Amino acid sequence: MIQKYVYGTPFETDAVLGQWVPGSGEPAFGTVDLSEGFRFTYSMAEEDIVYGLGEANRGINKRGYRYVSNCTDEPNHTEEKLSLYAAHNFIVVAGEKPFGLFFDYPASLTFDIGYTRSDLLTVFCQGKDLNLYVIDGDTPYSIVRQFRKAIGRSYIPPKFAFGYGQSRWGYRTMKDFRGVVQGYRANHIPLDMVYMDIDYMQDYKDFTVNGENFPDFPAFVREMGEQNIHLVPIIDAGVKVEEGYPVYEEGVKNNFFCKRADGSDFVAVVWPGRTHFPDFLNPEARAWFGEKYRFLLDQGIEGFWNDMNEPAIFFTPESKAEQQQDPMPEIGAFSIPDVPVEEPENMDYQRFYHNVGGSMIRHDRVHNLYGYNMTRAAGEGFDRLTPDRRILMFSRASYIGAHRYGGVWTGDNCSWWSHLLLNLKMLPSLNMCGFLYVGADLGGFGQNTTRDLLLRWLALGVFTPLMRNHSILGSRRQECYQFEHPEDFRHVIGVRYRLLPYLYSEYMKAALRDEMMFRPLAFDFPDDPMAAQVEDQLMLGGEVMITPVYTQNAAGRYVYLPEKMLFVKFLPDGTVSEEVLSAGHHYVAVALNEVPMFIRKGKCIPLAQFAESVAEVDSEHLTLLGCEGAEYVLYDDDGVHKDYENPAHFRTLRKE
Ligand code: MIG
């Protein structure tokens with residue numbers, strides 16, 4: 001059961017769909033204090049676990065730390081960070097009587113989950129206007145499913161988006177892109193997508209293509225398409241201020257940009273130099289911006305990634321002037337503060353306004369909705385521009401609600417082993433919040449990767465819906481063919497294509513049924529106290545458990561099995577090893593060029609032959625891996641159209 005509690009006059013975020021009759025009095029769990037802002041308090045039992053917060057730092061169990069929902073361009077995800085790119089305000093307290101909480105509040109909100117006092121959960125913000133949804137259910141998973149139903153069906157990408165993609169900040173010319181494709185194809189390492197970072201544009205202007213580097217862009221898109229490669233360009237939030245640039249001129253003319261208090265268009269400096277920010281909270285501006293994607297759709301593009309939409313700001317004329325007035329203190333003037341350092345407020349977010357139904361709302365009061373509504377602009381635009389066809393879309397910043405319009409990548413991680421594990425930990429939390437099409441920059445974005453880190457990370461990435469290798473300008477080259485023994489990469493990425501029918505099927509089931517594709521072990525084994533402890537393995541779909549190796553120089557890892565399972569390893573010679581392991585703890589050996597996973601008792605999964613692109617995967621001739629006599633219900637469709645409900649998409653396979 002879901003109870004809605006309304007405090008003050010909340011800003012309508014459209015995160016939750018449908019009408020809910022508000023409850024009165026105190027929420028069924030915890031207490032609310034409105035004397036200073038809003039403060040929710042719940043006294044946790046010692047064994048309570050707190051799940052959720054989507055794209056957030058630290059563990060699957062969020063207990064013991066603080067998290068601030070405040071979409072931030074944070075390129076350094078070290079352990080102390082309180083805010084990353086997203087604001088996903090949903091948690092489940094799993095204890096004696098589990099319950100879920102969604103704080104539908106568009107500005108900065110703090111979750112203190114046993115940080116200040118180990119037994120207290122407090123959630124607080126400055127404002128007093130918000131909707132609180134309290135969800136009651138028998139199990140954490142039943143609570144998640146109710147929440148997912150309330151926030152609406154998750155975004156479904158085209159099937160090609162389940163292939164593997166290569167990205168790198170710095171690809172500029174057709175030669176660069178052709179080189180990447182050639183590197184993969186020549187080494188027979190599968191590839192479906194190459195992402196175009198900001199350098200494909202003319203002067204970093206959205207919805208332009210550099211004419212010198214791409215004299216005939218549609219022809220180039222076709223040339224790539226003939227090799228089963230989809231180009232996926234980036235779109236940034238800020239629109240360059242430049243006379244004669246139509247996007248700029250239309251935005252100014254129609255008042256589609258965010259304004260300063262005095263009514264002038266707000267200026268922020270980002271990649272293109274001076275920019276204006278489209279007012280994505282204004283439905284007309286949203287419709288206008290969504291329409292702009294047509295420029296690239298018309299040239300054959302079928303997918304995009306939305307960046308810098310926290311929004312990220314390098315500086316503004318105002319902040320620059322302030323900095324100049326406030327020089328760095330002399331050495332010696334620094335003192336060590338005796339209170340914990342809070343992340344500084346971004347004053348620029350107080351300098352611009354959105355037009356919401358005719359009233360001007362200061363950005364910081366609705367900050368966490370900006371990236372969400374950029375993605376929504378795109379998604380709503382695609383629904384009008386290509387009503388029958390799916391378009392790939394994923395975003396950096398997000399809020400719950402954005403999950404209906406696109407996926408997310410988890411932003412600028414680093415080539416660190418710890419970030420491989422952080423990638424795994426975020427997956428179930430993201431799924432709880434509706435984000436199913438998710439993935440991290442495989443190999444790590446910042447810093448220099450290593451061959452072993454990339455291979456291990458890919459062996460997790462083979463399971464994530466968004467499987468993309470991406471790295472920062474100036475870092476060590478990270479394309480798989482740059483390393484010795486490219487056949488190891490061919491094999492590991494090849495496993496993704498062998499699993500593609502299964503992964504696509506499980507994704508679609510999760511989306512159509514409001515389920516989680518990735519779950520903490522405790523969701524499937526609620527009576528096993530040991531399962532609740534596991535932070536480095538996940539249940540995937542209805543059949544699989546994943547256990548990637550995430551330690552440098554490790555030749556394998558310890559795993560915990562809540563029940564007897566089949567240990568499966570995809571070996572470099574293309575064969576699959578199978579071994580039944582009993583419930584309990586085991587050490588399993590996993591070489592750098594192997595992909596490990598487990599299949600649950602009594603289950604089987606379909607397996608295709610190796611292929612170099614999604615289009616080449618033969619989903620008619622599948623073999624089954626797992627338990628004899630087991631059945632698997634496969635979902636499959638053309639991966640392009642939207643007739644998801646057609647029962648013909650389901651067929652039952654049986655392992656003889
Ligand atoms: O200020 O477009 O997270 O994936 O390569 C950096 C350049 C802007 C940040 C994105 C990253 C992308 C980069 N962008």
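Guide: Helices (H or I, at least four residues) and strands (E, at least two) are DSSP runs, numbered from the N terminus. This is a predicted model, in which local features need pLDDT of at least 70, side-chain atom pairs count only at pLDDT 80 or more, and totals for chains, interfaces and linings use all residues. Residues are numbered from 1 along each chain as its sequence is written, and side-chain values use heavy atoms, with hydrogens and water left out.

Visitor: Which element gives the largest share of the lining of the largest cavity?
Guide: On a 1 Å grid over the protein atoms alone, a cavity is a set of points where a 1.4 Å probe fits but cannot get out; lining residues have an atom within 4 Å of a point. The largest cavity has 14 lining residues, with L53, E55, A56, V68 and A86 nearest its centre. Two elements give two or more residues to this lining, β5 and β6 (86–87). The largest share, three residues, comes from β5.

Visitor: How many cavities of 30 Å³ or more are there, and how much space lies in the largest cavity?
Guide: Grid points are joined across faces, edges and corners, and a volume is the space filled by probe spheres set on the points. By this rule there are three cavities of 30 Å³ or more. The largest cavity holds about 90 Å³.

Visitor: How many residues in the lining of the largest cavity are charged?
Guide: Ala, Val, Leu, Ile, Met, Phe, Trp, Tyr, Cys and Pro count as nonpolar, Asp, Glu, Lys and Arg as charged, and the others, Gly among them, as polar. This lining has nine nonpolar and four polar residues. The charged count is one.

Visitor: Which elements give two or more residues to the lining of the second largest pocket?
Guide: A pocket is an open set of points with protein on both sides within 12 Å along at least five of seven lines. The elements in question are β4 (49–52) and α12 (521–524).

Visitor: How much space lies in the second largest pocket?
Guide: Its lining divides into 13 nonpolar, four polar and eight charged residues. The space amounts to about 530 Å³.

Visitor: What percentage of the ligand's accessible area does the protein cover?
Guide: A polar contact is a pair of N or O atoms within 3.5 Å. Ligand oxygen atoms come to 2.5 Å from a side-chain N or O atom of D197, 2.5 Å for D412 and 2.8 Å for H470. Accessible areas come from the Shrake-Rupley method with a 1.4 Å probe. Of the 350 Å² that the ligand has on its own, the protein covers 95%.

Visitor: Is N57 buried or exposed?
Guide: N57 is in the loop between β4 and β5 (65–69). Its side chain reaches the backbone oxygen of T78 at 2.9 Å and that of K81 at 3.1 Å. Buried means under 20% relative accessible area, exposed over 50%, partly exposed in between (1.4 Å probe, protein chains only). N57 is at 4%, so N57 counts as buried.

Visitor: Which residue's backbone nitrogen does the side chain of N346 reach?
Guide: N346 lies in the loop between α7 (317–325) and β19 (353–356). At 32% relative accessibility, N346 is partly exposed. The side chain of N346 makes its 2.9 Å contact with the backbone nitrogen of D348.

Notes: Polar contact = N/O pair within 3.5 Å; in protein donor to acceptor, adjacent residues only side chain to side chain.
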